Amino acid sequence: MRKVGGVASPDVYRDRQAAAGLHPSTQAVVAGRPDAAGAPLNQPPVFATAFGAGETWDYGRRSNPTWSALEEALSALDGGSAVAFASGMAAATALVDDLPHGSRVLVAADAYVEVRWLLGARATPGRISVAEVDPLDTEAVLAALPDADLLWMDAIANPMLDVAALDVILPAARRHGVLTTVDATLATPIFLRPLELGADFVLHSATKYIGGHSDLVLGALVARDPRAAARLAAGRSASGAVPGTMETWLALRGLRTLALRVERGAQTAAGLARRLQAHPRVSSVRYPGLSGDRAHEAASRQLDGYGAVVSFELDGAEGAARVCERVALITHAGSLGGVETLIERQARWHEDPRVPPGLLRLSVGCEDPEDLWRDLEAALALA
Ligand code: PLP
């Protein structure tokens, strides 16, 4: 298989053909492993600026065996051609900057906030134009498609956890010739493979579940069209937003346990969401797995799991801030997707009319569910 970016093909990993037909949780374990007699079972980190002249690798800003192993695994998982980047935002920027001048971008109003800022920044000098749409108003999205060149949506929105009707919207976009990007960071390839629903690009902040251990910053795009992936990889070499060897190695190691972690997290999240719903200090709970949640129907149609994030609201910012101060086992920190459970009051970072000041986002990790509930209950009692 030719590697993206015009670099020589490293036919040294188990690729998507070998893994085709396997369940994503199996692909997370087997894909992207060295596949030659005498090779190590896992791709080791290769720290190199340049490689001896030959067929496979050349210069460290263009290609690296450790990046390629991770890309091969992500390609197998999502069913496309993956390109790794220095961060999720570097991946988003690469995609936006690959758009032809004058492109019209339609973005979900609840897409990741920094992506919306990025689009606004590119729109200001007139490079592209950007329109926002309510992703839950499917008719409005469908009506806006004819005026768009690219549609950008999140699979599970962060932090309100809404789920749009991607199964209706993505095929419609294809019919209109509109390219689509789905940010699948919160869903992960274990719960959703957007290319299967008709998306053209998948964005992952691998900083979150793919890495899974809160120790790296990394991103990836997975493209339906290998030519688009090759363009993005060439742009990556030119811009220099390349992933680090250590980060790709850690992410590959994290990927092996992705299914275990997200399935455990989702199971615990569902239990905590139900208990939070019954708590007198909690005014509302968002979790797509709750039968009464407004995301439940779309999530049940599209996702293989409801994710491991629960968002819940207290009346007012002060009480919510106190919960963050009072938790002891759970850590107050502004990220998600690691093995350790994190809590954050999202409005601490920025004002967004869609995000109530008393909203807490709980990224549920792999601890014992009872230990987590005891910690939450104690913090809520003190808040
Ligand atoms: N997309 C989503 C849904 C995110 O939550 C984030 C980061 O929080 C990003 C993209 C950006 O990823 P990174 O922080 O790796 O640049």
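Predicted model: local features only at pLDDT ≥ 70, side-chain atom pairs only at ≥ 80, totals over all residues.
How do you find a gap in the first place? Rolling a probe the size of a water molecule over the atoms shows where empty space is left.

The largest cavity holds about 100 Å³ of space. It is lined by 13 residues, and the closest to its centre are Arg116, Asn158, Pro159, Asp352 and Val355. What kinds of residues make up this lining? The lining of the largest cavity splits into six nonpolar, three polar and four charged residues.

## The largest pocket

Now for the pockets. The largest pocket has a volume of about 490 Å³. Its lining is made of 25 residues, and those nearest its centre are Tyr112, Glu114, Asn158, Lys208 and Gly334. Helix H4 (88-97), helix H5 (113-123) and strand E6 (201-205) are the elements that each give two or more residues to this lining.

Which element gives the most to the lining of the largest pocket? That would be H5, with three residues. Sorted by class, the lining of the largest pocket comes out as ten nonpolar, ten polar and five charged residues.

Asn158 has something else to show you. The peptide bond that runs from Asn158 to Pro159 is cis, with omega near 10 degrees. Pro159 sits in the loop between strand E4 (150-154) and helix H7 (166-175).

Leu161 is in the loop between E4 and H7 too. Leu161 isn't a glycine, yet its phi is positive, near 65 degrees. Is Leu161 buried or exposed? With a relative accessibility of 1%, Leu161 counts as buried, because the cut-off for buried is under 20%.

Ser214 is another non-glycine with a positive phi, about 55 degrees in this case. You'll find Ser214 in the loop between E6 and E7. Ser214 has a relative accessible area of 45%, so it is partly exposed.

## A walk along helix H10

Helix H10 covers residues 226-239 and has 14 residues.

At the start, a side-chain oxygen of Asp225 comes within 2.8 Å of the backbone nitrogen of Arg227. Just past the other end, Gly240 takes a positive phi of about 85 degrees.

Which residues of H10 are buried? They are Ala228, Ala229, Leu232, Ala233, Arg236 and Ser237. The buried residues of H10 pack against helix H3 (65-78), strand E1 (81-85), H4, E6 and strand E7 (219-223).

Ser239 is also part of helix H10, but Ser239 is exposed, because its relative accessible area is 54% and exposed means over 50%. A polar atom of the Ser239 side chain lies 3.4 Å from the backbone oxygen of Arg236.

## Two buried residues

Gly219 belongs to strand E7, one of the elements that the buried residues of H10 pack against. Gly219 is buried, with a relative accessible area of 1%. Setting aside neighbours within four places in sequence, Gly219 is in contact with a list of residues including Val83, Phe85, Ala91 and His204. Gly219 and Leu192 are 27 residues apart in sequence, and 17 Å separates their C-alpha atoms.

Asp200 is found in the loop between helix H9 (194-197) and E6. Asp200 counts as buried because its relative accessible area is 9%. What does the side chain of Asp200 make a polar contact with? Its partner is the side chain of Arg174, at 3.1 Å. Leaving out neighbours within four places in sequence, the contacts of Asp200 include Val178, Leu195, Val222 and Arg224.

Methods:
Residues numbered from 1 in each chain as written. Heavy atoms only, no water. 1 Å grid on protein atoms, 1.4 Å probe; cavity = no way out; pocket = protein on both sides within 12 Å on 5 of 7 lines; lining within 4 Å. Points joined across faces, edges and corners; volume = space filled by probe spheres on them. Nonpolar A, V, L, I, M, F, W, Y, C, P; charged D, E, K, R; others polar. Helix = DSSP H or I, 4+ residues; strand = E, 2+ residues; numbered from the N terminus. Expected span 1.5 Å × (residues − 1). Buried < 20%, exposed > 50% of the residue type's maximum accessible area, 1.4 Å probe, protein only. Contact = heavy atoms within 4.5 Å. Polar contact = N/O pair within 3.5 Å; in protein donor to acceptor, adjacent residues only side chain to side chain.
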